[in-house]
Amino acid sequence: MTHRPKYLGHVNLYVRDSDASLRWYQDVLGLHLYHHRPGQAAFLSADLNQSHEVALMTVGADAPLQLKRQVGLNHIAFMMGSLDDLKDAYRRLKDRDIAIDHISDHGISLGIYFRDPDGNGVEVSYELPRDQWPRSDNVFAVEKGRFPGPWDQDAKRPAPVPAL
Amino acid sequence: MSYRPKQLAHVNLWVRDADATMRWYQDILGLHVYEHRPGKAAFMSADMDQSHEIAVMTLGPDAEGYRKGQVALHHLAFRMETLDDLKELYARLKDRKVRINTVVDHGISLGVYFSDPDGHGVEVYYELPRSEWPRQDQVFSGDRGHFPGPWDADKLTRQTLATA
């Protein structure tokens with residue numbers, strides 16, 4: 001027995017309109033809907049073995065958004081199965097005219113950052129398998145430049161905040 | 001190729017004191033620290049194959065907290081491998097005198113809810129493997145009562161948090 005969890009399973013977000021957010025996560029990221037309470041809540045998964053990886057709960061159209069420099073969510077991140085899949089996701093973002101905040105090369109991973117309809121940060125990322133990480137402590141303190149792609153132009157813009 | 005991610009990978013949180021928060025997640029959940037930037041940020045994992053499943057970034061002691069009714073991260077959730085592991089973690093929460101907000105039976109899963117030092121909701125849960133779910137749509141609509149345990153007295157003590 002162990003008290004350590006197996007893995008992060010899901011995040012639960014309070015949003016203005018869970019039906020609108022549900023459609024966005026289905027369209028942009030192709031998430032599967034496992035449970036829907038219209039007007040109230042939606043439970044979505046990328047990994048079909050999880051009942052939900054994102055839950056969206058309606059708080060109402062007038063709900064204040066998260067402020068800058070307020071305790072709370074910076075972003076949630078999804079892992080792509082391959083660098084090619086990340087390219088596919090990138091093209092879909094471009095195709096949908098979704099503004100990309102920034103792209104960051106973390107050495108062992110590359111992340112593309114954008115926002116959901118409520119301004120919650122969302123990242124899609126490709127990360128090298130653990131057996132290919134150059135080091136096993138301070139894992140991000142490694143050389144960059146392993147992930148050239150269609151995002152190279154976007155990647156030149158600096159990240160506004162530390163954003164791993 | 002697929003633009004659908006493989007899985008949820010991590011959540012990145014703004015906190016008042018990343019070092020204090022890191023120590024809390026290490027102590028309570030036994031997370032591994034893969035990178036630490038003292039005073040600034042910490043990157044932690046339950047699943048060692050992920051460079052981080054939770055990142056915490058320091059804002060400073062005066063950062064404003066969650067305001068009721070706003071758009072926000074409601075909680076993040078860690079999946080336990082077995083129901084026995086959930087019992088072990090539950091015992092650890094009691095031992096550490098971490099206040100349990102509620103315990104909710106979702107039919108195919110049971111979640112124990114508490115809060116981290118900045119007030120972010122944290123859930124630890126056990127979920128049946130997908131092959132044992134009674135249905136594949138509206139997955140939370142099934143019968144309750146599959147998960148008796150030491151938490152029975154804490155169940156549904158705060159209905160307001162009884163979401164998912």
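Two strands are taken to pair if DSSP finds at least two bridges between them. Helices (H or I, at least four residues) and strands (E, at least two) are DSSP runs, numbered from the N terminus. The structure is a predicted model, in which local features need pLDDT of at least 70, side-chain atom pairs count only at pLDDT 80 or more, and totals for chains, interfaces and linings use all residues. Residues are numbered from 1 along each chain as its sequence is written, and chains are lettered from A and ligands numbered from 1 in the order in which they are written.

Strand E1 (residues 7–15) of chain A runs antiparallel to E5(B) and is joined to that strand by 7 bridges. Leu13(A) has Leu73(B) as its bridge partner in E5(B).

Contact between the chains (C-beta atoms, placed from the backbone, within 7 Å) involves 66 residues of chain B and 66 residues of chain A. Elements giving two or more residues to the chain B side include strand E5 (72–79) and helix H2 (83–95). The largest share of that side, 9 residues, comes from E1(B). The predictor assigns the complex an ipTM of 0.94 and a pTM of 0.94.

Chain B is divided into domain 1 (1–61) and domain 2 (73–157), with bounds from an automatic or database domain assignment. The C-alpha centres of these two domains of chain B lie 21 Å apart. Their contact takes 11 residues from domain 1 and 9 residues from domain 2. On the domain 1 side, H1(B) gives the most, with 5 residues.

The average pLDDT (the predictor's confidence in each residue, from 0 to 100) of chain B is 94, and 95% of the residues score at least 70. Over residues 158–164 of chain B, the pLDDT is below 50. Where pLDDT is low, the predicted coordinates should not be read in detail.

Key. Two residues are in contact if their C-beta atoms, placed from the backbone, lie within 7 Å.
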